[in-house]
Amino acid sequence: MTKSNYRPLSILPSLSKVFERLVHARVSPYFENIYHKHVFAYRKFHGCATGLLSLTEQWRRELDNHKIISMVSVDLSKAFDTLPHDLILQKLCKYGADEATTRLISNYLSGRKQRVKLGEACSPWLLVSKGIPQGSILGPLLFNIFMNDLHQVTKHSTLSTYADDTQIFFAGNDAVDVENSVNSDLERIDKWFEQNEMKRNHSKYKAMVMGNTKSNLVFSCENTVIPIEKEVELLGVTVDSKLKFEAHVFKFSSFQVSLL
């Protein structure tokens, strides 16, 4: 039993969720015009399918133009549980939220406590100073607001996010330029994660190279070399470097046969 595999469970009353739904209905439309176009989670007319289609169609266009594409999939640990409350409030103010809204969200996040129970034994109650309640209505909205300015960090590459699932890619004609551009933006992204107190899991970073290149590209983050794979799991779909989806189709077909 590893303690890192467990997450806190928020027990939220029904009345709280009704109130959250009302606040969400007022706040969410305002931020629809602020979100970056490649923020795909928890938004109307957006989702895993639109996020995946956006990525693959951009890659297809670049491959048709005979470009070399490098993509790195970034991994975060306990993203929802580590968001600092003070930074969430600062970003709300930055995006133009009025004092009443900011004060309401501050009150919503503050004063929460949690403890661990194992059998009949319970730990002392501790105040929760970070994170947003999982299973709440406002949690995903606040997470999107918090993560939105990450898209302003990259200078060369394109960034696509679905909640804490982040992909960065760059397409170019020269392999060295592709490698340098991605590594440069990876460094900027990692610095943003550090400044925003997000936990990175470099050991789970994965890269994929598409297009014709004889160069052995090397991608790294904080002195950790990122393995280059021929297939990468993105938003529940196995994507290969040739965009043929054969591995995903085979996996799905095998699953259907096993059910029969």
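In the predicted model, helix α5 is followed by Gly111, a residue whose phi is positive, near 80°. The helix itself spans residues 99–109, and its buried residues are Thr102, Ile105, Tyr108 and Leu109. Viewed down the axis of α5, these buried residues fall within an arc of 120°, so they line one face of the helix. An α-helix has 3.6 residues a turn, so residues three or four places apart point the same way. The face of α5 turned away from the buried side carries Glu99, Arg103 and Asn107, which are exposed, whereas the cover over the buried residues includes α1 (14–32), α4 (85–94) and α6 (138–147).

Among the 8 helices and 14 strands of the protein, four strands form an open sheet in the order β7-β8-β1-β10, with antiparallel pairing. Strands β7 (158–162) and β10 (206–210) stand at the edges, and because each has a single partner strand, one side of each is left without a neighbour in the sheet. Neighbouring strands of this sheet are turned by 15° against each other on average, direction being ignored. Strand β7 is joined by 5 bridges to β8 (residues 165–172), the two running antiparallel, and Ser160 stands opposite Gln167 in β8. Helix α2 (residues 48–64) packs on the sheet, where it touches β1 (68–74), β7, β8 and β10, and its direction makes about 15° with that of β8. Helix α7 (residues 175–195), in turn, lies across β1, β7 and β8 and runs at about 150° to β8.

The largest nonpolar core comprises 50 residues, of which Val72, Met147, Phe193 and Met198 touch the most other members. When neighbours within four places in sequence are left aside, Met147 is in contact with Leu76, Ala163, Trp192, Phe193 and Met198. Apart from this core lies another, of 16 residues, among them Ile69, Met71, Leu235 and Val239.

For the protein as a whole, 44% of the 260 residues count as buried, and the accessible surface comes to about 15,200 Å², of which 53% belongs to carbon and sulfur atoms. Among contacts between residues at least 6 apart in sequence, 67% join residues at least 24 apart. Taken along the principal axes, the C-alpha atoms fill a box of roughly 55 × 50 × 35 Å.

Definitions and conventions:
Residues numbered from 1 in each chain as written. Predicted model: local features only at pLDDT ≥ 70, side-chain atom pairs only at ≥ 80, totals over all residues. Heavy atoms only, no water. Pairing = 2+ DSSP bridges. Axes fitted to C-alpha atoms, helices over the stretch in contact; angles between N-to-C directions. Contact = heavy atoms within 4.5 Å. Buried < 20%, exposed > 50% of the residue type's maximum accessible area, 1.4 Å probe, protein only. Arc of directions from axis to C-beta. Core = buried A, V, L, I, M, F, W, Y, C linked by side-chain atoms within 4.5 Å. Areas by Shrake-Rupley, 256 points an atom, 1.4 Å probe, with all protein chains shown as cover.
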